[in-house]
Amino acid sequence: MYVSEDCGAVYVREKGELRLPSASHTKRRDHFIFTYNKEGSLRYTVKSLFDISLQFIADHIEHVDSLVGFPEQMADKLFSAAEERHKFTEPHTAPRALQVFCEAYGELVLRSLCLRNRYLLISERLEEIRQFQGLECLDLYGCRLGDNHEIFKYITSEALASLIKLFIGANCLSDAGLQRLTAPVRVMKKGLENLQFLGLSENPITEKGLGYLTCFKTLQNLDISGTNVMVNMSLKGFFRKKMRMVLSETPLKEFGHSDCKTEGWAEQVINQWETTASEVPKKDYKPRTNALCFYGREKFVRETLNSWSGTSGATKEDKVVPIHFYRVDLCGTSSTAEHKTHPLTVATVQKGMKRRLSSEEEQSSAPLSKRQSLSTLSAEDLDLLNSY
């Protein structure tokens with residue numbers, strides 16, 4: 001495979017073509033550790049066989065079939081060695097290299113991923129992000145996803161069946177987007193069936209879209225701040241009867257995004273991706289500035305821009321009135337231990353639960369044909385089912 005001083009050039013056959021190996025493989029110097037002794041003379045020692053083998057596997061990690069059964073302690077070192085060789089940042093090796101580790105170790109590679117306001121990172125690294133399996137927390141706030149972004153197929157796939165916290169606020173998500181997001185759970189009973197925390201703030205959703213959320217049987221906390229939903233008795237009754245949730249009098253700390261961060265072996269990889277994405281050259285607006293100076297409007301425009309920047313400095317999220325709902329059980333205890341619940345609210349919820357249980361018993365005693373008619377799927381649900 002390499003150029004030998006004794007045998008001359010040795011060609012390598014790759015993808016049906018013969019080529020000479022790169023010059024970096026002609027002489028291997030990374031198998032030695034160079035140091036200086038007390039006299040200042042250069043000396044070297046050979047690395048251990050384990051280190052040499054680890055380096056070789058890291059250099060060719062994209063060609064490894066599987067790491068299932070490989071010890072976690074050694075896999076951690078192998079991941080660091082591959083990271084030093086930029087295997088997770090190079091576009092032609094990153095997806096496969098991450099797939100090898102994620103299939104074997106799942107949440108150890110990454111258990112929490114915070115991509116808050118990093119829409120550029122998602123567009124450039126979507127193929128790599130899809131490789132992460134076993135995520136428990138995913139923050140996509142302010143990523144401008146819309147209703148039909150490709151990342152939603154990843155969110156609703158089996159790879160993220162373990163997801164507990166999902167924050168997708170400020171993404172221009174409408175009722176159609178919520179319908180698409182909940183379709184696998186409603187139709188196939190797959191996807192986000194273990195979701196407990198859901199943030200939908202600052203999205204143009206309505207009461208119709210909230211009806212799709214009833215499929216999340218394990219949902220504990222919900223944030224609908226800054227949406228097109230009006231808080232009234234009808235909305236409170238819907239959450240109390242359909243989802244066993246009540247309106248929180250104080251903002252819930254789970255939606256403060258203080259605890260959401262990237263955690264796992266790939267934490268530094270995400271930081272490297274962000275650094276690479278930020279190196280895109282910015283546009284030069286100097287010609288426009290010169291034109292404004294020529295026409296004598298520089299002072300006026302500068303004051304206007306400063307006023308805009310001052311208003312944009314305070315984020316829209318800080319100005320939104322929090323609308324948080326949390327789940328209560330039949331005993332009247334909140335799912336959030338620190339939250340205080342008014343006794344009247346608990347009593348009302350208990351009565352509502354009793355009425356709901358009685359109505360469910362009546363429905364269970366109804367004829368089978370009637371129950372089947374209630375569970376029929378709409379044409380829109382069937383279309384969504386065919387798209388997955």
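Predicted model: local features only at pLDDT ≥ 70, side-chain atom pairs only at ≥ 80, totals over all residues.
View 1. Buried means under 20% relative accessible area, exposed over 50%, and partly exposed in between, with a 1.4 Å probe and protein chains only. Helices (H or I, at least four residues) and strands (E, at least two) are DSSP runs, numbered from the N terminus. At the start of helix 9, a side-chain oxygen of Asn232 comes to within 3.3 Å of the backbone nitrogen of Ser234. Such a polar contact is a pair of N or O atoms within 3.5 Å; within protein, one must be able to donate a hydrogen and the other to accept it, and residues adjacent in sequence count only if both atoms are side-chain atoms. Just after helix 9, Arg244 has a positive phi of about 55 degrees.

Residues are numbered from 1 along each chain as its sequence is written, and side-chain values use heavy atoms, with hydrogens and water left out. Local features need pLDDT of at least 70 and side-chain atom pairs count only at pLDDT 80 or more, while totals for chains, interfaces and linings use all residues.

**View 2. Strand 11 and its two partners.** Strand 11 (residues 324-327) pairs in the antiparallel sense with strand 9 (residues 221-223), over three bridges. Strand 10 (residues 245-247) also pairs with strand 11 in the antiparallel sense, over three bridges. Two strands pair if DSSP finds at least two bridges between them. Asn221 stands opposite Tyr326, and Met245 has Arg327 as its bridge partner. In a regular strand the side chains alternate between the two faces of the sheet. Here His324 and Tyr326 are on one side of strand 11 and Phe325 and Arg327 on the other, and all are buried.

**View 3. Ser248 in a loop.** Ser248 belongs to the loop between strand 10 and helix 10 (267-277). Why does Ser248 count as buried? Because its relative accessible area is 9%. The side chain of Ser248 reaches the backbone oxygen of Thr250 at 2.4 Å. Ser248 and Ile323 are 75 residues apart along the chain, and their C-alpha atoms are separated by 7.4 Å.

**View 4. Nonpolar cores.** A nonpolar core is a set of buried Ala, Val, Leu, Ile, Met, Phe, Trp, Tyr and Cys residues joined through side-chain atoms within 4.5 Å. The largest one has 68 residues, and those with the most contacts inside it are Phe101, Phe132, Leu140, Ile155 and Leu222. Helix 3 (residues 94-105) gives the largest share of this core, six residues. A second, separate core of nine residues includes Phe167, Val246, Cys260 and Val328.

**View 5. Aromatic rings around Phe79.** Rings of Phe, Tyr and Trp (its six-membered ring) pair if their centres lie within 6.5 Å; planes under 30 degrees apart count as stacked, over 60 as edge-to-face and the rest as tilted. By this rule there are nine aromatic pairs. Phe79 and Phe88 are stacked, at 4.4 Å centre to centre and 25 degrees between the planes. Phe79 and Phe101 are edge-to-face, at 5.0 Å and 85 degrees. Phe79 lies in helix 2 (residues 72-84) and Phe101 in helix 3, so this pair ties together parts 22 residues apart in sequence. Ring pairs link Phe79, Phe88, Phe101, Tyr105 and Trp265 into a cluster.
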